[in-house]
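Student: I'd like to learn how to read a structure like this one. Could you walk me through it?

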Amino acid sequence: MKIFGLKDKKIIKTVNKIRTKYGFKNVGTGHDVSHGDEVFKNMLELREHSFFNKFEFDIIGLAVMAYAHDMYADEDRKNHHILAYKKILKRKPKFLKKLSDHVFKNVCLAIKQHRASTYAVGIENPYVNIMRLADKGKPNIDDIIIRAYLYAVENNKNASNSTCVRITLKHLLDKYSYDGYAFKNDIIYHELYTESIKKVCEYIDNMSVSDLSKIVKYLN
Ligand SMILES: [Fe+2]
Ligand SMILES: [Fe+2]
């Protein structure tokens, strides 16, 4: 597969290996290989941004982060970042052994800290930051709502649809309203996507249970 403008054949071959090894899990929850592709593409773009262009990122390291960070999202959503971190930490595949110790350490750290909810303000590590930003991507209201709803349904199997809608709305407000933890104190993210964030926050802050019920109706 051709990968996002990469030219070096050796790198492309290794990225494809990583993609195949980690990316094809979690079909149906929004954490499968297409999410890995999206995150990797975002990383390659973000490298050029003024926040990051002074750093020399290792492309193989970025690919591992992009395709491996959510590999346990289906199995154990709550601890998936820790499980992925522990798996990578074993440093088994050849492509991990070939990374420098410095890059490897940062790749592990970025996977461990990729979740918005576990983000510690003030982290200055470029691998952690690029991971987090690429994972969130440009805020897209449709994606945000669909993911939140599917997650609520998946984790509340015996609940009625209206209960799932209420759980989804609470999660959306906690995470994506003006004071939500997805955007709060995240200066780089705000600067990158000011307008899109504003739109998402406004939309979520004004959304009612009945609005959300109508939106998710076609998903059932
Ligand atoms: Fe994740
Ligand atoms: Fe992710």
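Student: Let's start with a helix pair. At roughly what angle do the axes of helix H9 and helix H11 cross?

Tutor: First, keep in mind that this is a predicted model. For a pair of helices, look at the angle and at the distance between the axes. Here H9 (residues 161–176) and H11 (residues 194–205) cross at roughly 140°, and their axes come within 10 Å. The crossing of H9 and H11 is left-handed.

Student: Which residues make that contact?

Tutor: On the H9 side, look for Leu172, Leu173 and Tyr176; H11 brings Val200, Cys201 and Ile204. Sorted by type, the contact of H9 with H11 has six nonpolar residues, no polar and no charged.

Student: Now H4 and H6. At about what angle do they pack?

Tutor: Helix H4 (residues 80–89) packs against helix H6 (residues 101–112) at about 165°, with the axes 8 Å apart. Angles over 145 degrees count as roughly antiparallel, so H4 is roughly antiparallel to H6. The crossing of these two, H4 and H6, is right-handed.

Student: And what are the residues in the contact of H4 with H6?

Tutor: From H4 you get His81, Ile82, Ala84, Tyr85, Ile88 and Leu89, and from H6 come Val107, Cys108, Ile111 and Lys112. They divide into eight nonpolar, one polar and one charged.

Student: What about H1 and H3: are they roughly parallel or antiparallel to each other?

Tutor: Go by the angle again. Helix H1 (residues 9–23) and helix H3 (residues 59–68) pack at about 20°, their axes 9 Å apart. H1 and H3 are therefore roughly parallel. Their crossing, H1 with H3, is right-handed.

Student: Which residues of H1 meet H3?

Tutor: Ile11, Thr14, Val15, Ile18, Arg19, Tyr22 and Gly23 do, and their partners in H3 are Ile59, Ile60, Ala63, Val64, Tyr67 and Ala68. By type, the contact of H1 with H3 comes to ten nonpolar, two polar and one charged.

Student: Let's zoom out. How many helices and strands does the chain have?

Tutor: Twelve helices and zero strands. The radius of gyration is 18 Å, close to the 17 Å that the globule rule gives for 220 residues, so the chain is as compact as a globular protein of that length. Along its principal axes, the C-alpha trace spans about 50 × 35 × 30 Å.

Student: Into which domains is the chain divided?

Tutor: Domain 1 covers 9–136 and domain 2 covers 141–219. To place one against the other, look at their C-alpha centres, which lie 24 Å apart.

Conventions
Residues numbered from 1 in each chain as written. Chains lettered and ligands numbered in written order. Predicted model: local features only at pLDDT ≥ 70, side-chain atom pairs only at ≥ 80, totals over all residues. Axes fitted to C-alpha atoms, helices over the stretch in contact; angles between N-to-C directions. Helix = DSSP H or I, 4+ residues; strand = E, 2+ residues; numbered from the N terminus. Parallel < 35°, antiparallel > 145°, perpendicular 65-115°, else oblique. Left-handed = near helix turned anticlockwise from the far one by under 90°. Contact = placed C-beta atoms within 7 Å. Nonpolar A, V, L, I, M, F, W, Y, C, P; charged D, E, K, R; others polar. Domains from an automatic or database assignment. Rg over C-alpha atoms; globule rule 2.2 N^0.38 Å.
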